[in-house]
Amino acid sequence: MSKRDPYIIKRINFRRVVVVTAISILVVLLILFAFIMENGLPITFKSLALIHTEHPSLFLVDLIPLFVSALLHPMHYIMNRAIREYEERVVASQQLLKRNTEFAQLLSDGENPEPYDEMMETDLGKALRMIHINIKADRRKESEQGWITEGKDIVSKILREYHEMEELSYQILKVLNSYIQSTQAAFYLYNEESKLLINKATYAYNRKKQVEQEFKIGEGLVGQCAFEMDYIYRTEIPEDYITISSGILGDQKPESILLVPLISNEVLQGVLEFAFLKERIPKLTIQFLLELGEIIARTILNLKMNLRTQKWLEESQIMTEELQKNEAQLQMTAKEMASAQNNLERANIQLEGKINEARHANNRLHLMLEHASEIISIYDRDATLTYISPSVINIFGYSVEEMMAGKDLERIGKDDATRLRRIFDHLLENPGAMESLEYSFIRKNGERIFLRTYCRNMLDDTAIKGFLLNTTDITESVRVEREQRLKTRMQALSENSTDLILRISTSGDIYYANPIVEEYTDIAPSSIVNRNKSEVPFKQAITTLLDEILTSMAQSPVKKNFQLTLPMETGKLRTDRILNVDAIPEFQGKELETILIVGHDITEAKQTEKEIKVQNRKVQDSINYAERIQSSILPDIAHIRKAFPRSFVYYQPRDVISGDFPWFFETDDSFYIAAVDCTGHGVPGALLSLVGLFLMNNITGLNPGISAGDLCESLHLEVRKALKQDLDKSDTRDGMDMALCRFMKQRPVMEFAGAHRPLYLLSEGEVTIHKGDRKAIGGLKHPRKPEKPFTNMEVPYRPGDKFFFFTDGLTDQMGGPEGLKYGSARVRQVLLENAGYTIPQFNDHFRSDFAAWMDNDQQLDDLLLIGIEV
């Protein structure tokens with residue numbers, strides 16, 4: 001070993017051991033020589049024997065080399081064994097480094113080497129493993145995108161080559177059936193006129209099928225896919241679904257079906273249907289068909305537009321031919337008309353003189369009618385306007401032509417139009433009578449005016465031949481009458497009101513005070529009206545309020561609100577009356593004339609508000625105390641992290657206390673951990689969470705080796721019993737959703753059982769979703785459908801795998817730029833896009849991502865997310 005540690009080599013070198021032994025022998029000889037020389041003896045063996053006889057202790061000196069050798073040889077053996085162990089570690093490290101180097105080289109060459117367990121023993125191996133996972137995920141994405149692109153190119157080529165719908169649909173199914181390895185496919189085209197989905201092509205087992213089918217929107221799976229305008233993926237096949245027949249396989253029902261809508265510009269064009277004999281359809285296939293569906297839909301839309309254009313062109317050609325035939329007839333007719341025209345011109349010359357005379361008379365009459373203060377109109381027997389005087393322009397703002405076109409009855413109410421027709425009917429029965437009608441009319445500028453019309457039956461008059469109506473504008477008289485009526489009504493309301501009402505001028509003169517003023521001021525209204533506020537001995541609080549109102553209105557004359565606390569004395573009892581005061585400016589034109597002051601007594605409301613605040617504070621204190629109790633009962637997060645060092649718990653109640661809770665329990669051979677979501681949130685959810693917590697602890701404590709599925713089933717029965725849901729007349733539907741995991745201590749296997757909640761496994765850059773049963777913990781038993789026990793799933797795992805499970809408070813939260821749910825698809829996307837994250841990084845990411853998604857929206861439900869790396 002040329003690269004040994006010099007320090008160890010120096011300590012354990014055998015030659016040094018020999019040197020030390022030799023030195024010890026030399027020291028013994030020197031000692032013996034010194035004794036011989038000291039006694040003057042010759043250097044012989046006899047002299048050595050003599051000095052040993054005189055000095056017996058020299059025998060011990062002779063044993064020194066033996067002692068040194070006996071001491072150094074065990075040390076030499078220990079050091080040699082340490083060298084061998086060190087050499088073995090160096091060799092193992094070099095081999096591991098070589099394997100890591102070869103693994104990295106294969107990665108750089110574009111290979112996909114198989115990982116080995118020893119990689120995770122070094123930081124370099126861990127880094128290479130993470131790089132391998134990321135590269136594998138990237139290659140998978142590239143492969144998937146390449147597969148999708150290749151499929152799109154194949155179908156696009158077909159879309160360019162075929163322009164007849166039946167052949168195009170058949171060729172598309174033929175290619176897709178082979179490309180996605182389906183066993184049967186159908187193409188349904190949407191007919192916009194009949195509102196039906198019509199089967200254009202069916203393809204199965206590499207052969208064309210003749211199937212005639214039609215579906216309405218919403219009918220069957222095909223109609224449902226079209227109605228929802230979203231794909232449908234089913235693994236539970238209906239009993240009446242078509243059976244696939246094959247000469248090799250016989251009659252078989254598909255294991256899964258996929259329906260994809262063809263949508264272009266949010267308009268339905270058709271539906272593709274695929275059936276598979278395999279149970280699961282890859283997500284990549286679904287993504288491919290969804291992207292391809294839009295391309296096919298655009299092509300179908302273009303084909304429809306081309307067919308429609310071609311049809312229009314053919315119709316245009318037919319019309320052109322007909323016009324050419326009619327042109328000859330028109331030419332003959334034109335010659336006949338020219339002859340007739342000459343005759344008419346001679347007749348016109350004779351009539352022109354008479355027309356000029358009539359025109360002058362008509363102009364005089366028109367000027368008189370145009371400037372009249374009333375409107376004259378004539379209606380025939382069918383209540384159709386046949387004449388209206390020009391004065392309509394000044395009074396209604398409409399021209400005569402507009403009124404004749406229907407504005408006469410269009411701009412009055414339906415009831416008034418009905419009343420007018422009833423008057424016509426009455427006049428038909430009583431020809432000599434005269435009827436009057438008052439109604440409103442909307443002028444052309446939008447102004448509402450009031451009219452009075454007198455009607456007479458003049459059907460027998462040869463000049464009129466209809467109902468003659470004389471209409472006058474009475475808007476001003478109606479307004480004056482209404483104002484007088486409102487003043488009288490306002491006066492009555494003020495006199496009987498329980499509110500304090502004052503009308504005061506900008507200079508402080510009081511024009512009006514209702515009777516209730518005396519209750520607050522102890523001054524009769526007659527002593528207040530027509531006096532200045534400074535002359536009236538008001539209480540100081542009222543004087544201050546009036547000054548403040550006048551000052552505020554002088555600065556900004558808009559409606560304002562004030563609050564007045566008025567001390568009142570009833571005998572020896574002194575109380576405060578609180579008034580909510582509105583100051584309303586009243587204008588004459590644009591000038592502030594008076595201020596109407598209305599004070600409403602809110603003393604009882606203020607007292608009630610104080611009592612509510614006290615009650616709210618007591619309720620909040622009780623909730624805070626309940627939160628402390630719940631926090632002390634729930635598992636300590638530190639215990640979970642002790643069992644799973646690489647884990648996190650993201651727990652965020654909507655209110656102070658929560659219906660979601662994490663649960664943890666340790667037995668001799670297992671760790672149990674769950675995310676539980678109880679019905680409701682706040683106080684009701686917290687109460688139910690305590691029931692679930694104690695029952696789960698009790699069941700697991702009495703059955704230490706219970707499986708995850710059996711634990712869910714036992715808890716299901718115990719919750720029903722605790723909430724008396726097992727009784728016949730029970731109407732309590734409360735329960736729990738749960739994701740429960742049991743991690744074995746002795747082997748890399750985890751058991752999972754879920755009640756409406758899934759488990760997400762992130763391994764090797766891929767996400768696997770284990771769905772829970774569609775069954776809750778607790779709740780009422782279905783009267784006709786037998787219950788199945790909870791499924792116990794065994795999930796093997798490898799070091800570095802990550803598990804995530806959560807309550808629906810995460811996925812159901814509304815937010816984002818479009819106000820949508822957070823959704824389970826977003827959870828899966830986060831895991832795939834950040835497959836290399838550590839557990840703490842996932843914790844930080846989910847917290848920040850959820851907060852950004854929610855933004856300013858309110859949290860809808862309690863939230864619990866647990867992540868574990870094994």
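Buried means under 20% relative accessible area, exposed over 50% and partly exposed in between (1.4 Å probe, protein chains only). The model is predicted: local features need pLDDT of at least 70, side-chain atom pairs count only at pLDDT 80 or more, and totals for chains, interfaces and linings use all residues. Residues are numbered from 1 along each chain as its sequence is written, and side-chain values use heavy atoms, with hydrogens and water left out.

**Cysteines**
- With a disulfide defined as a pair of cysteine sulfur atoms within 2.5 Å, the count is zero.
- Cys455 counts as buried because its relative accessibility is 0%.
- Cys741 is likewise buried, at a relative accessible area of 0%; its sulfur lies 9.8 Å from the closest cysteine sulfur, in Cys712, and is therefore too far away for a bond.

**Nonpolar core**
- A nonpolar core is a set of buried Ala, Val, Leu, Ile, Met, Phe, Trp, Tyr and Cys residues joined through side-chain atoms within 4.5 Å.
- The largest one has 35 residues, and Leu176, Phe187 and Ile296 have the most contacts inside it.

**Open sheet**
- Helices (H or I, at least four residues) and strands (E, at least two) are DSSP runs, numbered from the N terminus; two strands pair if DSSP finds at least two bridges between them.
- Five strands form an open antiparallel sheet in the order S11-S10-S14-S13-S12.
- Its edge strands, S11 (385–388) and S12 (434–442), each pair on one side only.
- S10 (residues 374–379) and S14 (residues 466–473) pair antiparallel over six bridges, and Ser377 has Leu469 in S14 as its bridge partner.
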